[in-house]
Amino acid sequence: MKSLRFVLSAVLMSLSTVAFAQSEAQKSSVAPVPPEAQKSSVAPVPPEADGAFATMKSLAGEWEGPVTVAEMPQMSGGKPMHASMRVTSRGNALVHEFQEAGTPLDAAKYDHPVTMLYVDGDQLTLVHYCDAGNRPRMTGKMSPDGKTVEFEFKDISGSTEHHMHHSVFTIVDANHHTEDWTFMMKDKPIHAHFDLHRVN
């Protein structure tokens, strides 16, 4: 009886050793997964959109300066405009707010448009929440020298009669940038140029 138990245990140990050896052999015969295949199937953000967004985020802060409206000289040279830009949503969005310098945040009495910028797929996207009551969407491209981001009209939610249609941000240096916004009044473009200096 003892010898039968001994033979049985020896057989079981041998079988487990063979099974383990086969398992290891199978593991070693499977080709290793290359590092690029181990990555997520979500496509990475293209460097162009990512770079343009990083450039825009460098403008976070408070800015003031005069506005010039080519088609309406009477609107030029008045009170300076104040632009506020802040990075939010764990670095995934930039909020841009405009108002006349020195006016309180009272949306019932004063213009206070808000613009959101973020990377959407392979595009830098701008959504302008306009005082005209609509939301034009634009897509941005950075110039080869990395100093200008230009936004082209893509589509709009709400009325198209009066809407923001185009914008260009140009970085002069860390404390000075310009913004050019084109507003469509029916079919007539109005061009506003903001010369902004960092105040904070």
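Student: On what basis are residues numbered and values computed here?
Tutor: Residues are numbered from 1 along each chain as its sequence is written, and side-chain values use heavy atoms, with hydrogens and water left out. Because the model is predicted, local features need pLDDT of at least 70 and side-chain atom pairs count only at pLDDT 80 or more, whereas totals for chains, interfaces and linings use all residues.

Student: How many helices and strands does the protein have?
Tutor: Helices (H or I, at least four residues) and strands (E, at least two) are DSSP runs, numbered from the N terminus. Along the sequence the pattern reads α-α-α-β-β-β-β-β-β-β-β-β-β-β. The totals are three helices and eleven strands.

Student: What percentage of the residues of the protein count as buried?
Tutor: Buried means under 20% relative accessible area, exposed over 50%, and partly exposed in between (1.4 Å probe, protein chains only). The protein has 200 residues, and the buried share is 31%.

Student: Which residues are in contact with Met56, leaving aside its neighbours within four places in sequence?
Tutor: Contact means heavy atoms within 4.5 Å. Met56 is one of the core residues that touch the most other members. With those neighbours set aside, its contacts are Leu94, Leu117, Leu124, Val149, Phe151 and Phe169.

Student: In β4, which residue is the bridge partner of Val87?
Tutor: Two strands pair if DSSP finds at least two bridges between them. Strands β3 and β4 run antiparallel and are joined by eight bridges. They form a hairpin with four residues between them, and Ser89 in the turn has a positive phi of about 55°. The partner of Val87 in β4 is Leu94.

Student: In β3, which residue is the bridge partner of Gly65?
Tutor: Strand β1 (residues 61-65) is joined to β3 by five bridges, and the two run antiparallel. The partner of Gly65 in β3 is Met81.

Student: How far apart are the closest N and O atoms in the salt bridge of Lys141 with Glu48?
Tutor: A salt bridge is a side-chain nitrogen of Lys or Arg within 4 Å of a carboxyl oxygen of Asp or Glu, and the count comes to four. Lys141 forms one with Glu48; the pair links strand β7 (residues 135-142) to helix α3, 93 residues apart. Lys141 counts as exposed at 53% relative accessibility, while Glu48 counts as partly exposed at 43%. The closest N and O atoms of the pair are separated by 3.9 Å.

Student: Is Lys186, which forms a salt bridge with Glu161, buried or exposed?
Tutor: The closest N and O atoms of Glu161 and Lys186 are 3.7 Å apart. Glu161 lies in the loop between β8 and β9, and Lys186 in the loop between β10 (176-185) and β11. Because its relative accessible area is 52%, Lys186 is exposed.

Key:
Core = buried A, V, L, I, M, F, W, Y, C linked by side-chain atoms within 4.5 Å.
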